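User: Hi! Could you walk me through this model?
Analyst: Happy to, here it is.

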Amino acid sequence: MKNDNMKNQYRVNEQIRVREVRIVGDGGSTVVPTRQALEMARDQGVDLVEISPNAQPPVCRLIDYSKFLYQQKKRQKEMKAKQVKVEVKEIRFGPQTDEHDYQFKLKHAKEFLEEGNKVRAYVFFRGRSILFKEQGEVLLLRFANDLEEYGKVESMPSLEGKKMFLYLAPKKAGVAKKSQQKRDNERREAEASEKAPAAKTAQEVDMEMPANGGLLANAKISAEALEKLTEASGE
């Protein structure tokens, strides 16, 4: 059924009843009478396929129609494969959620965002618990802060009926924002690793270059002694 729909999408050969068409190909494009275009197709053993009927004049290609349909089907399949299906995952809290439950739901939210899904977190206020709406807002803001490396806030906490919602969207892979604390720790570690080899090199140099000048000084003294010895022998 799908192939039939695709076949009916294009007019081919004698189905094209306009006066002239624009033929496009690797060498460019040219406008010719439709009758001439049909003769060109027959001479090349291919079909005249109308690919853009709304253009003035309509745009056609000289190509084997079966090959053309195969290319179109393949292109649609590739485009469909590239489309990322984004789902919205829900995380529900109560206004007085305990720490263990909070950490459990935080872990799941991280997994959802890493998979490329959006997260809709909300606090449900049952009965008189609506009096704790400020507490619910604080909870959602903490939730957003703990997920800053994995998702970005699309909308701040807002109360809708008995529910307060927070929406998070996943960050692109490889560009997760690091917290300031992590950046400071990495900077200190990098500075420490740079200083360690430098200190070691200085120590090695001190060992190789003693106070009397080391190997270089000894070589200079030996050369002078040899020169004096040669002069004495000549005398």
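User: What should I know about the source and the numbering?
Analyst: This is a predicted model: local features need pLDDT of at least 70 and side-chain atom pairs count only at pLDDT 80 or more, while totals for chains, interfaces and linings use all residues. Residues are numbered from 1 along each chain as its sequence is written, and side-chain values use heavy atoms, with hydrogens and water left out.

User: Thanks! How many helices and strands does the protein have?
Analyst: Seven helices and eight strands. Those are DSSP runs numbered from the N terminus, with helices being H or I of at least four residues and strands E of at least two.

User: And what percentage of the residues is buried?
Analyst: Buried residues make up 25% of the 235 residues. Buried means under 20% relative accessible area, exposed over 50% and partly exposed in between, with a 1.4 Å probe and protein chains only.

User: Now the helices. At what angle do α4 and α5 pack?
Analyst: About 45°, with the axes of α4 (residues 99-114) and α5 (residues 133-146) 11 Å apart. That makes α4 oblique to α5. Angles under 35 degrees count as roughly parallel, over 145 as roughly antiparallel, 65 to 115 as roughly perpendicular and the rest as oblique. Axes are lines fitted to C-alpha atoms, for helices over the stretch in contact, and angles run from 0 to 180 degrees between N-to-C directions.

User: Which residues in α4 and α5 meet?
Analyst: From α4, E99, Y102, Q103, K105, L106, A109 and K110 meet L139, R142, F143 and D146 of α5; contact means heavy atoms within 4.5 Å.

User: Next, the largest nonpolar core: how many residues has it?
Analyst: It has 19 residues, and I91, F93, V119, L140, F143, L147 and L168 are those with the most contacts inside it. Its largest share, five residues, comes from α4. Such a core is a set of buried Ala, Val, Leu, Ile, Met, Phe, Trp, Tyr and Cys residues joined through side-chain atoms within 4.5 Å.

User: Switching to the backbone, which peptide bond is cis?
Analyst: The one from Q56 to P57, with omega near -5°. P57 sits in the loop between β3 (47-52) and β4 (59-63).

User: And what is phi of N13?
Analyst: Near 50°, a positive value in a residue other than glycine. N13 lies in the loop between α1 (2-7) and β1 (20-25).

User: Is N13 buried or exposed?
Analyst: N13 is buried, with a relative accessible area of 17%.
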